[in-house]
Protein chains: 2
Amino acid sequence: MANEIETPNINEQPLQLKVRGSFFVGGEGIEQTFVELGSQRAADRVTIGQMYVEYMEPVGATKAPIVLIHGAGQSGAGFDTTPDGRMGWFEYFVRRSHPTYVVDQVGRGRSGFDQSIFNRVGAGQASPDKQPKITRMGDRIASWINFRIGPDATKPYPDTQYPIEAVSALSRQGVPDLIASLPSPNPNYKALAALAKKLNGAILLGHSQAGDYPLEAALLDPKAVRAMVLVEPGRCNAEIYTADQIATLATIPLLVVYGDHLDTPTGIKGSDWPARFQECKRLIARLKKAGGQAEMLHPPELGIHGNTHLMMQDRNNLQIADLIIDWMETRAAGA
Amino acid sequence: MANEIETPNINEQPLQLKVRGSFFVGGEGIEQTFVELGSQRAADRVTIGQMYVEYMEPVGATKAPIVLIHGAGQSGAGFDTTPDGRMGWFEYFVRRSHPTYVVDQVGRGRSGFDQSIFNRVGAGQASPDKQPKITRMGDRIASWINFRIGPDATKPYPDTQYPIEAVSALSRQGVPDLIASLPSPNPNYKALAALAKKLNGAILLGHSQAGDYPLEAALLDPKAVRAMVLVEPGRCNAEIYTADQIATLATIPLLVVYGDHLDTPTGIKGSDWPARFQECKRLIARLKKAGGQAEMLHPPELGIHGNTHLMMQDRNNLQIADLIIDWMETRAAGA
């Protein structure tokens, strides 16, 4: 036994980074009035529409860069340390040799938002009904039930993978969501395409509200997107894309991932998970028919049960990451 | 020459981290209505007042933890990679063996804010004049002139240390500032005191708007604050504190740092740098009279010229950091 060599757990070794940091992509300078700037000194120029990006690049030989895009009511912090203090996907993908980029969606967190309309309403220069709604996910219904931690607020599924003892820390991760304030098309698409190009090609992984962002960014710059990973997407746009768009998307490998308990109806408006699951299956079918490499990863079919909508925070979050990484490295050409 | 041994530049070596990640401190759960949540599913509970904290802890023996607190219209991103892509203070303090914590102020960035009043106004449930102003720093006046990059918008001081070729990237770092939406007292004080205590004692470094936050946090929990570093503080509260408060603050080492070109009047309301400099000198005098160890670091007096308000981003940002670290390690007991 004394001679037994233990394989060191890579996750317990020091993290060695070649380089790390943050930067912003996209955005445009615009002039705003004294009132629009919150009565801040004088009329002046500001930048709006930029996207915050934090990143870590491991030492040694690296694999394809991956960009992690959070969902509604969250910032990129949701991909970092889990609410119960374990390693999140940001660090784990780095430890698996992928330079990893985490963004805050335009309109949220460190990317900021255009505050001008709120100040105009406050000053009586615009009608209150012109003011975009600022949404926040509530703890019991929008999170616990809708994210499929359990069928009823505070009651977990017996096999849930969510660290329910830390659910109050999940609540602290929530941020006001200014998506309703963004112009159309959503500037996140363009910013993500620009980021992927800047990285000389990247895998885009979008969660929930951002589930279809990899598709939309790929349509803007298909050569910059090496693979698309849709984790619990809120929509797959299966019937929206034209034949030409499907032909473009079919040139890029696609993986869709959905957790467990999809068939438990939540009865909450905007939370029809079975319908979303089926819609994504239809997108996969269209892409395959067009010659694409597209597939569904549904852990329950592999005997892995209890994953929630927030699988990057579930107890088996690294097991799910391993499945995604295995797909990237064996199925996704160029990744 | 072949035998010459070069001293490796520590800043070009891989960064080795014992642990890194993020978490939230503080905050309280409150109930909000359907309207207050932006018509998001149903009335529910959310957390407000929490503070986002990202951190890196180096391998090997470590020195005192330090917390970096950004100023108005910014997030913690301002302490990371500089606008022109150099290493910021976040990483540099880690490389100098200090476990380093960067926060987003409550009301900004990844800490979020209480959106309820905006949605109530939008729904006609509250008067627009009840809506707090959301401020944003403009490029020319609030930043360039007020931050003392130059005396006139786009015209730099000849000796400026700011990387003016990257000033558009500074503009992208700006975020809407919800400080006017916060209750009184500012919940950042309590969150910072809680963070310092959680770290078993920390040095607090506050910039600009957050210049007096280390003082306020120390008054809440003086034993948790090992030293206070005020970088270009917007106020020093020199005449506001009682004799008892001064006696408490005098138990903790204090350093105030101001850059160059203070005596060039900006003529901008709320930007009287000479008055702020003098006020902080008066605080230092009061603390010294009470037996405290308090001093001013004014780089021009050391022959270091051209530093702006944003000295963590200036070209000589690591030189300024070295001066602060030297003070921490030689003057600040317990740090």
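1. Disulfide of chain B. The link of Cys236(B) and Cys280(B) is right-handed, with 95° about the S-S bond. In this predicted model, the sulfur atoms of the pair lie 2.1 Å apart. Cys236(B) sits in the loop between β6 (225-231) and α7 (243-249) of chain B, and Cys280(B) sits in helix α8 (residues 273-289) of chain B, so the pair ties together parts that are 44 residues apart in sequence. Both Cys236(B) and Cys280(B) are buried.

2. Disulfide of chain A. Cys236(A) is joined to Cys280(A) by a disulfide, with 2.1 Å between the sulfur atoms. This link, too, is right-handed, with 95° about the S-S bond. Cys236(A) belongs to the loop between β6 (225-231) and α7 (243-249) of chain A, while Cys280(A) belongs to helix α8 (residues 273-289) of chain A; the two therefore connect parts that are 44 residues apart in sequence. Cys236(A) counts as buried because its relative accessibility is 0%. Cys280(A) is buried as well, because its relative accessible area is 0%. Over all chains, the count of disulfides is two.

3. Extent of the interface. Chain A contributes 73 residues to the contact and chain B contributes 73 residues. The two chains bury about 6000 Å² between them, and 47% of this is on carbon and sulfur atoms.

4. Make-up of the chain B side. Elements of chain B that each supply at least two residues to the side touching chain A include the strands β1 (15-32), β2 (44-58) and β4 (100-104).

5. Arg110(A). This residue is in the loop between β4 (100-104) and α2 (116-122) of chain A. Is Arg110(A) buried or exposed? Arg110(A) counts as buried, because its relative accessibility is 0%. Its side chain has a polar contact within chain A, to the side chain of Tyr52(A) at 2.9 Å. The side chain of Arg110(A) also makes a polar contact with chain B, to the side chain of Asp104(B) at 2.8 Å.

Notes. Residues are numbered from 1 along each chain as its sequence is written. Chains are lettered from A and ligands numbered from 1 in the order in which they are written. This is a predicted model: local features need pLDDT of at least 70, side-chain atom pairs count only at pLDDT 80 or more; totals for chains, interfaces and linings use all residues. Side-chain values use heavy atoms; hydrogens and water are left out. Helices (H or I, at least four residues) and strands (E, at least two) are DSSP runs, numbered from the N terminus. Buried means under 20% relative accessible area, exposed over 50%, partly exposed in between (1.4 Å probe, protein chains only). A polar contact is a pair of N or O atoms within 3.5 Å; within protein, one must be able to donate a hydrogen and the other to accept it, and residues adjacent in sequence count only if both atoms are side-chain atoms. A disulfide is a pair of cysteine sulfur atoms within 2.5 Å. Contact means heavy atoms within 4.5 Å. Buried area is the accessible area (1.4 Å probe) that two parts lose on being put together, summed over both.
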